[in-house]
Amino acid sequence: MDAHEDYVWPRATSELILLPVTGLECVGDRLLAGEGPDILVYSLDFGGHLRMMKRVQNLLGHYLIHGFRVRPGPDEDLDSQAMVAVFGSKGLRVVKVSWGQGRFRELWRSGLWSLSDWIWDTRWLEENVAVALGHNSVVLYDPMVGRTLQEVHCTDRCTLSSACLIGNTWKELTVVAGVISNELLVWYPAASSENEPVTPDRRISGHVGVIFSMSYLESKGLLATASEDRSVRIWKVGDLRVPGGRVQNIGHCFGHSARVWQVKLLENYLISAGEDCVCLVWSHEGEILQAFRGHQGRGIRAVAAHEQQAWVITGGDDSGIRLWHLVGRGYPGSGISALCFKSHNRAGTLKAVTLAGSWRVLAVTDTGALYLYDLEVKCWEQLLEDKRFQSYCLLEAAPGPEGFGLCAMANGEGLVKVVPINTPTAAVDLTLFQGKVHSLSWALRGYEELLLLTSGPSGVVACLEISAAPTGKAIFVKERCRYQLPPSKQRWHTCSAFLPPGDFLVCGDRRGSVLLFPSRPGLLKVPWAGGKGGAGILGMNGGSGQGGSTSAEWGPVSTLHSLHGKQGVTSVTCHGGYVYSTGRDGAYYQLFVRGGQLQPVLRQKSCRGMNWLAGLRMVADGSMVILGFHANEFVVWSPRSHEKLHIVNCGGGHRSWAFSDTEAAVAFAYLKDGDVMLYRALGGCNRPHVILREGLHGREITCVKRVGTITLGPEFEVPSFVQPDHLEPGSKEPGLIDIVITGSEDTTVCVLALPTATGAAHALTAVCNHISSVRTVAVWGVGTPGNPQDPQPGLTAHVVSAGGRAEMQCFNIMVTPDPSTPSRLACHIMHLSSHRLDEYWDRQRHRHQMVKVDPETRYMSLAVCEPDPPGPGPLVAAACSDGAVRLFLLQDFGRRLQLLAETFHHKRCVLKVHSFTHDAPNRRRRLFLCSAATDGSLAFWDLTTVLDHGTTVLEPPAVPGFPHQLGTPCFTLEAHSCGINSLHTLPTCEGHHLVASGSEDGSLHVFVLAIEVPELEEAAGEAELGSQLHVLEEYTVPCAHAAHVTGLKILSPNLMVSASIDQRLTFWRLGHGEPAFMNSAVYHVPDVADMDCWPVSPEFGHRCALGGQGLEVYNWYD
């Protein structure tokens, strides 16, 4: 018995699955979601929001859940308990659950019924269940006793792509089957005598593609179908339970750009969702009423609706679940309206428009007249007219709450007019320059300080201080100081904002630079020399007019030159200790100020095609939204939910426009056809839906890497999906949270928090810097925030990610406790450096002598090699698809990434690289690199002296400027007959190294590597002798897996774990000759591309993360 228990140890159990959501169903005020074989149960709380109650694991075994069918009963009974048939693939199970009073309990479950055919639909017929199978047959099943009562076939034994069962008894049961010939067959199983095949009653044709889904609305006699031909059809069929009825196609709806997966008929709406990640709401007449976008990846797989709450719930391939609100036809909350400016009473043509809040519009004409439109009064009112502004006029309204009531006008002769909107007769004029005013911008610091910045000729920026009289009926305008912009062709500022607490101003200019100025000259006691080091007096320029003065022109304290390219900076925003800037290069930057200097933290791209970013806003939930132009549309885009919250077809950003947002509404005004057009939507920039669960990646996960573990005290209680009566012993102790990084084909790198006790995954942040897929990540320098003398709670690490287009990105992550977030953690990203081979080639002086780098070269694997200190920095080894192994040097803590050396030893695609160290008594620590290629060969390099002066490891380049050549490997081995996809090493107590590799043919190769270090140490001016490597023991397991071995980890000298595309996680015993099979666990993630394992704690054991078309986490105990 002991031997048997030892044989099956360790036993891995699944604790977390993130897979495409393939089934959704609303049951009363509960929502059931199917993810793999698991069920997620959500409940409607008193605030009107859904919250997660429970995850029921492994309900369908190895089958994926595709649907739920609840046995009909009174609504009050469904509020407390329900009998649910769960089906998917070829399995079905019935479970009785109780979920009253906010607690979930499973009362009873049937055995798992496995069929030999695919299940397309099920339906309760009193106490029994009817099942529609994949080859046009119906089975009547008794779940209580677990036996088949009856099976009936159709005479057309063709393969089905969908099916729908209608009726409540066996006698009236109707089958609507979608066959692969693009037809619908209607037949009646009860018409069979002695189980004879039944002839179809009706054939319905019209689609030109396979029919994937159908829905029947009995109350109106409508049938909706969704097809591969990207269309949805609506059929008038009457009562399908009555044979011989007439069928009429009443709607042919085109709105999707790809295949339509799901369709659902409601009393007043039709819901469809497809491969284009869009969920459309139609009327029964075929008119599109709403479009829900936000899911990423390959489409929306499941749709459910709650008609009483007017909810639509969608589940996508990105493992996200979202709840949307139906608003119906004629929704008054949003739309575009013309404000009817043209009138014989108003002369002139409109030149500029702006918004004062979300309900007052200001416009100026070429006659110098300023007009106000109040949305509550709904009429135009002339505030003033000044002929000096008729040929050229700038118009900007002051920021702030509704009714703040200030705007500024500027003309081509240096004149600026500040106008109180409520009392325009109290306007103040200032002549600041002897030439054109190029730009205006406001800077507001709470309710304490308001500045107006105006740009004049020669890059001079005048800073005006605005204050109100005690009576509130007059304003005072005083010139505080002047700034000088760096030289450029288009030398004016474009935006400004106060940097908290208010000592500095952050500005952006037309040249794309971000600058930091003191908000008042008195802050700088000594005028420093102008330039990067600090501000300086660059010149003198007099001002005239009311309030005019003579002042010094102060240069910037800090400058980030051309941060946004040549198109200019469009906005700067300060929030949470960071500065955010946007530009017309399609990117937004996160910056911070340290020691009076601006430093870039992270560069992010917006949605594809949105190359003109106009600004960003922070919303109440802590996330941000991006404003910009996508072709001829103005878009409000959410980076968190990856969706366009508002879309205005305005014609583009070249015309005068303005945007305003408040908690109540957002407004966008623009000029078109000589009139003011206004878009207004209620609810502000908040998301119009609820994200029940964040999506992870839109495409396959290609790499998984664990960074470290954070311990949170009891005060940071992480919300748990585990019922209180099922908590593990000791789970109230300080929680352990593993930080894991994943890379994906969707070009993003995601930082995840995986608590050990909650069965959840929290996406902390995503990095979107890559232009192609991310195939590999490497981590080094893991530590804690703060200095060694004063460590802070949290975790820091350096990360290198690489993938397609020969691109590599280096960034730093810092994860700290934050009780305000759902995960109780906050993640800060700082981008350090980047490298692309084609850009490196373009910078070489001798590039005409080089073979141009293939832009399609991919980095397949990364390994960090850390030489002994002191040194310039760690090395990053990259396995490349062009047959090279390249070494990069990370200098200045990762801020410089330099190509150091390369070798084409393998002469074919290199799939894996792995680094390890060897320690010998009284010897220098040796650093080794192992590489594996598609021919099954392994090569080992000794990199110990690669950075030493006069090293012989690197051969000098043939042409100056080329990278060095990595010398001949010190050891090679033919381990497999085909490509090696996984590689790992582990030192043994005898001073040797265990090396294991997994191949594309499913085989494993394990050997013991001995390393002999030369006894003579390196002498001054002499080359050190190389290490000698040889194999002591060598074993091969030819058929370890049935497919590619993509993950491998040696946990100890006695235990190894491997993962494969055959969806098996297998444990192997080592140390007694050939690796011996111990046991295997079946996981549910298809096409696993990478695996990482790590010990958590003696109480929790080990964890293993598997990434592929989803993510699954296993754990086992030592």
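## Ile813 and the cores

Ile813 is in contact (heavy atoms within 4.5 Å) with Val707, Ile741, Leu795, Thr796, Ala797, Val799, Cys827, His828 and Ile829, leaving aside neighbours within four places in sequence. This is a predicted model: local features need pLDDT of at least 70, side-chain atom pairs count only at pLDDT 80 or more, and totals for chains, interfaces and linings use all residues. Residues are numbered from 1 along each chain as its sequence is written, and side-chain values use heavy atoms, without hydrogens and water.

The largest nonpolar core has 59 residues. A nonpolar core is a set of buried Ala, Val, Leu, Ile, Met, Phe, Trp, Tyr and Cys residues joined through side-chain atoms within 4.5 Å. Buried means under 20% relative accessible area (1.4 Å probe, protein chains only), exposed over 50%, and partly exposed in between. Ile813 is among the residues with the most contacts inside this core, as are Ile739, Ile741, Met808, Leu825 and Tyr859. Apart from it lies another core, of 24 residues, including Leu875 and Leu966.

## Ser213 in its strand

Ser213 lies in strand β19, residues 211-217. A strand is a DSSP run (E, at least two residues), numbered from the N terminus. Ser213 counts as buried because its relative accessibility is 6%. A polar atom of its side chain lies 3.3 Å from the backbone nitrogen of Val263. Ser213 also touches Trp261 and Gln262, among others, not counting residues up to four places away in sequence.

## Trp108 in its strand

Trp108 is found in strand β9, residues 105-109. Its relative accessibility is 30%, so Trp108 counts as partly exposed.

Note on methods. Helices (H or I, at least four residues) and strands (E, at least two) are DSSP runs, numbered from the N terminus. A polar contact is a pair of N or O atoms within 3.5 Å; within protein, one must be able to donate a hydrogen and the other to accept it, and residues adjacent in sequence count only if both atoms are side-chain atoms.
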